[in-house]
Amino acid sequence: MKAAYIVLTISGIALYAITACQSNAANSNRKTKTDTPRIEVLSEAALAVLNSSVTKSQQTELNTFYQDMVRAGFNGSMLVAKKGVVIFERYHGLENYRNRASAMNDSSSFQLASVSKTFTAMGILRLMEKQQLSLTDSVQKYYPQFPYKGITLQMLLSHRSGLPNYLYFCDSIWSDKDKFLSNDDVIQLMIKHRPRIQHAPGTHFQYCNTNYMLLGSIIEKVSGQKYADFMQQTFFGPLGMTNTFVYAPATAVRPHQTASHKYNGQLEPDTYFDGVVGDKGIYSTARDMLKWDQALYSGQLFSPETIKAAYTPYSHEKPGIRNYGLGWRLMVYPDSSEIVYHNGWWHGNNTVFNRIIKDTSTIIILGNKYNRNIYRAVKPISAILGHGTEEGEE
């Protein structure tokens, strides 16, 4: 393992980090790109974080925990940061089990699954800030024939629409399972077949991928761009997220694009649902996701009022700390501190994007071999960082 110091710039905001990258794949003596030293530039603030005795103790504990994860079958990337400073970063396993030379590294991109919803939500909020749409708009403003009345964009964002989940109803009404569904295909199926709504709009929270499929399509309607182009021009490009992209099935595999695997290492193939975007479909790396995390603090992308709206809990039917904002799962504690996060699960991909707002700590875990221990890792890692939290769900 070789350690290196780097500085990243996000929309004019300096983000300092330390990398301690390693690939623990078979034949780990093989040279990978993570062996290459990087530019050694660090701010005094970053050095203070890294040189503190607390951080050094945390790094030791994180390494011990990580080794336990590896022994339990972890295959992917893990990054932990404090105040934007990477204090722990590891890569283990293979991008594709059919290619034994494809060792994980800092450029390995993973299907984010439902963590993609964070980009879709913030894309809608970006269009709101530009006064190109309103969260009180009904779905009929964009799809006049849509058969479910009384559903606003805010209800879609906060999972309070009551709509049925397309991942379930399409199974019985989409006949050509060899053809990838598009967002428009799903919308037209809803218009034609009118699958039963689950509950009256606005009455309670029910997590549903259909909400974000619709939001992805509304982004296209309002912006006049394909969802992938909008994301690239609005977020990925400006933030320097060079290894982040929207997946298009039946296209050539990109360099370091990881394949999805079952728990036993067998490939998990695409299904006809993989043509739908908005609720899933974005690929990214641990480092790129830290750029996304830090950009949301910077003030360069969104106003404080918009960020506050995104992190506001909108469902109060059940007591407890768990809630949902606009594209973000929330844990809201009695002292008003918040954990803002999202997890994901699609095929064999399990993802964690956990943000402890009080001290801007970040936990990013991306895996491409089915492993529920990825979600269970949040609680012990948070405890190492000095925070109490509960295990999150997909």
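Asn 354 lies in strand E11 (residues 349-356). Helices (H or I, at least four residues) and strands (E, at least two) are DSSP runs, numbered from the N terminus. The model is predicted: local features need pLDDT of at least 70, side-chain atom pairs count only at pLDDT 80 or more, and totals for chains, interfaces and linings use all residues. Residues are numbered from 1 along each chain as its sequence is written, and side-chain values use heavy atoms, with hydrogens and water left out.

Asn 354 has a relative accessible area of 2%, so the residue is buried. Buried means under 20% relative accessible area, exposed over 50%, partly exposed in between (1.4 Å probe, protein chains only). His 342 is 12 residues away along the chain, and 6.5 Å separates its C-alpha atom from that of Asn 354. Beyond neighbours within four places in sequence, Asn 354 is in contact (heavy atoms within 4.5 Å) with Ile 339, Val 340, Tyr 341, Ser 361, Thr 362, Ile 363 and Val 378.

Next comes a lysine. Lys 280 sits in the loop between strand E6 (245-246) and strand E7 (282-284). Lys 280 counts as buried because its relative accessibility is 4%. Its side chain makes a polar contact of 3.0 Å with the side chain of Tyr 166. Such a contact is a pair of N or O atoms within 3.5 Å; within protein, one must be able to donate a hydrogen and the other to accept it, and residues adjacent in sequence count only if both atoms are side-chain atoms. The Lys 280 side chain also reaches the backbone oxygen of Val 276, at 2.8 Å.

Asn 165 caps the N-terminal end of H5, with a side-chain oxygen 3.0 Å from the backbone nitrogen of Leu 167.

Helix H8 (residues 227-236) buries Tyr 227, Phe 230, Met 231, Thr 234, Phe 235 and Phe 236. These residues cover an arc of only 150 degrees around the axis, so they lie on the same side of H8. The arc is that of the directions from the helix axis to the C-beta atoms. The buried residues of H8 pack against helix H3 (116-129), helix H7 (209-223), E6, E7 and helix H9 (286-298).
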